[in-house]
There are 2 protein chains.
Amino acid sequence: MERTKRFILSEQEIPTQWYNIVADMKNKPMPLLHPGTKQAMNPEDLFPIFAQEVSKQELNQVDAWIPIPEEVREQYKVYRTTPLVRAYGLEKALDTPAHIYFKNESVSPVGSHKLNSALAQAYYCKQEGTTNITTETGAGQWGTALSYAAKVFGLDLAVYMVKVSYEQKPYRRSLMQAWGAQVIASPSMSTQSGRKILTEKPNYQGSLGTAISEALELAMQTPNCKYTLGSVLNHVTLHQTVIGLEAEKQMALAGEYPDIVIGCFGGGSNFGGISFPFLRHNILGGKKTRFIAAEPSSCPKLTRGVFHYDFGDEAGYTPLIPMFTLGHTFAPAHIHAGGLRYHGAGSIVSQLIKDKLIEAVDIDQLDSFKAGILFAQTEGIIPAPESAHAIAATVNEALKAKEEGVAKTILFNLSGHGLIDMTAYDQYLAGDLTNYSVPDEEIKKNIDQLEGLGS
Amino acid sequence: MERTKRFILSEQEIPTQWYNIVADMKNKPMPLLHPGTKQAMNPEDLFPIFAQEVSKQELNQVDAWIPIPEEVREQYKVYRTTPLVRAYGLEKALDTPAHIYFKNESVSPVGSHKLNSALAQAYYCKQEGTTNITTETGAGQWGTALSYAAKVFGLDLAVYMVKVSYEQKPYRRSLMQAWGAQVIASPSMSTQSGRKILTEKPNYQGSLGTAISEALELAMQTPNCKYTLGSVLNHVTLHQTVIGLEAEKQMALAGEYPDIVIGCFGGGSNFGGISFPFLRHNILGGKKTRFIAAEPSSCPKLTRGVFHYDFGDEAGYTPLIPMFTLGHTFAPAHIHAGGLRYHGAGSIVSQLIKDKLIEAVDIDQLDSFKAGILFAQTEGIIPAPESAHAIAATVNEALKAKEEGVAKTILFNLSGHGLIDMTAYDQYLAGDLTNYSVPDEEIKKNIDQLEGLGS
């Protein structure tokens, strides 16, 4: 009998609702706090920054299912449903009894899962009469996605791009410009927070935290302008649940259910997107699936950070978020997985880690690239350096299954492809990359500064 | 009722046979000639260069259907079937009554249709005991595809990459290396033909014709080594018919049949791949579909070349091919659509042009990029500069349909994406690109050299 490689759902099966796991969590995430008053924030408090609809989604602890607007779903059709793929080639190379599946979000026209939330956020901004939006981007995946989404819904967009990525990834900048966005290297002289950082550290190569400060500042100072974020926050993860909701149906087509679900971890949106629809069945239905967040050793907020209230940005413009964090002043090493260079984790994931409903592992940079090349050579797709962390964690679990002689079913999210990250692979193949483990004192120094922010 | 954007076939509907149009052509293509004896070649004459099975396919004028080996079909599952997409966004932007569809070959892991033939050629080489293969690549699409295919089937591969592309497209080189291929900029000092050209023109930026000479020379001098080609030849186009065969079923799902089929044109394989299965119904079933090959104004072999016997390469190593050609000494301008920079057309397409069964148009570079950006902004996908020529031709036909008030159905092949060609888009957006039309005397000079090759 012919074996099936890719499990495909029809366009009619694109989800009609996103899944809001908060409604089903026994221990809800702690509230966002106003940094001045330390009072729990209401949706209205977020209206000056975010679209109203996403502000409500951000704090919604009641509705497990949020309808996807027809216009957003229509745009999802450009690339959704995405394939669920059985990684026969990788299994064979590892000689493992494990069944490995991956959800291929790299087929989106921007090359990653980020479009799932970009289209939703741009749509809501447009609906509410916003004309301009701002954002930050690290690796460039989010900025690329939002550039396309802004074009689709007719919004003007300014993107603050972390300087090291701006320089390492000129194609990413070009892509955003091809879709009509304005792209600024961050830190920049165009904002107060950017100028302050550049004055203190003239050669600073930027961080997501800094870029967020700049984008927020521009949004607050521009008429009819809203800010958008590509990860960390609850509403972003909510939009990403289309990944897991489709995967659930596709695993059923394959006649399997995952023992382990794995995603790489930056702020948490792709990890939550693939995990939460399955985690639902752990919470409500007694399933025992393990969920593994794969973060880089150089930015180990889940494995070595603390659970604490902290800012989402460098300058301290955001609400205080209850998060596993390395401190908002933490400056991550310049690893190539730019999308994972962020100091904190979203509040939902942080609560779930605290409650031991999910796990985290850290992955060395060299192991991630080794896994990335293995995947490219066995499954054809060059993974994004971020996604390569999920692959490395998958390889580890598949080899464990082999040692134990157990046919585990492993599902991971291929959040994006690495076709625009070939400089990184070049350096890896040339032997020019190294591992970097953060010294304890570096972590302690930044975490100590959290005192007084509430815990 | 919900409108369908993407028409998807299941994996089980990947074609089981390729379509060999030669069997159905009233006027067969003229034979390949041995350059020394001027005698028609037999498959055996090609065995020293090509795999035996593809040599037979190359000259097969009898069998309309050639079975696809199970191992190749299994590998097609990595990305096939590919979607047929209704370009609602483009239609709306053009305000045209035309229905525009495109076959999205850019979803292959290497980003283009080239993998369809690369997998087949690598498979046959492996089957016949070959250990090493060589090839050339222009834009890098073919070399990338063959690198992956060689890895899949366990062959060693050396790729001669046209120097201008080698320098303009470092990511393409990295991709090939990530899949384990050796990549050499052409012209190089590693072959006699390369050294000869470099001696005469030290700054020569290379051409496909030169790179083919080098790859052929290396193959002929290496034990257990075969040469592979990414376009022009009949067997390559044969393998690409999976595109049109799938599209035919998908158009039926959409309830339509194309009035016009369009492909960009380099050597003819993607154009033939989408066209021939439909052209079959013109020949056998009385359909009246128009077929339009879109070539660049800077390399106008179909619109301004002559029909003549000519070499496929610069140095004159190949058999003589009956082709529309600008002469094998023609050095195309350095346009960004590197895959279209080739002096001649395959023998099947050339015969079909002669018999007026298909048409050709030439597209200016600036018009191709303008169409590419429009497509990116309306359909989300950044097209390869090559594919942008097909889009420009589609835009022209859709605007004609609007003028005439006729709801034509247009199908084009999106042969690849342009994510690795962002330098070109950068230059276009910066206003740094120009058009280039070849002077008549330049064409005449090269064509005059064909005398004595047979016509």
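Four salt bridges are counted between chain B and chain A, a salt bridge being a side-chain nitrogen of Lys or Arg within 4 Å of a carboxyl oxygen of Asp or Glu. In one of them, the side chains of A:Arg173 and B:Asp426 meet, with 3.4 Å from N to O. This is a predicted model, in which local features need pLDDT of at least 70 and side-chain atom pairs count only at pLDDT 80 or more, while totals for chains, interfaces and linings use all residues; side-chain values use heavy atoms, leaving out hydrogens and water. Residues are numbered from 1 along each chain as its sequence is written, and chains are lettered from A and ligands numbered from 1 in the order in which they are written.

**Where chain B meets chain A**

- Between the two chains, 26 residue pairs are in polar contact, both at pLDDT 80 or more (a pair of N or O atoms within 3.5 Å; within protein, one must be able to donate a hydrogen and the other to accept it, and residues adjacent in sequence count only if both atoms are side-chain atoms).
- Helices of chain B that each supply at least two residues to the side touching chain A include H3 (70-76), H6 (141-153) and H8 (170-178); helices here are DSSP runs of H or I with at least four residues, numbered from the N terminus.
- H8(B) gives the most to that side, with seven residues.
- Sorted by class, the side of chain B that touches chain A has 18 nonpolar, 12 polar and 14 charged residues. Ala, Val, Leu, Ile, Met, Phe, Trp, Tyr, Cys and Pro count as nonpolar, Asp, Glu, Lys and Arg as charged, and the others, Gly among them, as polar.
- In total, 44 residues of chain B are in contact with 44 residues of chain A, where contact means heavy atoms within 4.5 Å.
- About 3900 Å² is buried between the chains, and carbon and sulfur atoms give 52% of this area. Buried area is the accessible area (1.4 Å probe) that two parts lose on being put together, summed over both.

**Inside chain A: two domains**

- Chain A is divided into domain 1 (5-14 + 68-111 + 235-445) and domain 2 (115-229), with bounds from an automatic or database domain assignment.
- The domains of chain A bury about 3100 Å² between them, 61% of it on carbon and sulfur atoms.
- A:Val110, A:Tyr317 and A:Ile420 supply 22% of the area that domain 1 buries against domain 2, more than any other three residues.
- Across this domain interface there is one salt bridge.
- A:Lys169 forms a salt bridge with A:Asp421, and their closest N and O atoms are 2.4 Å apart.
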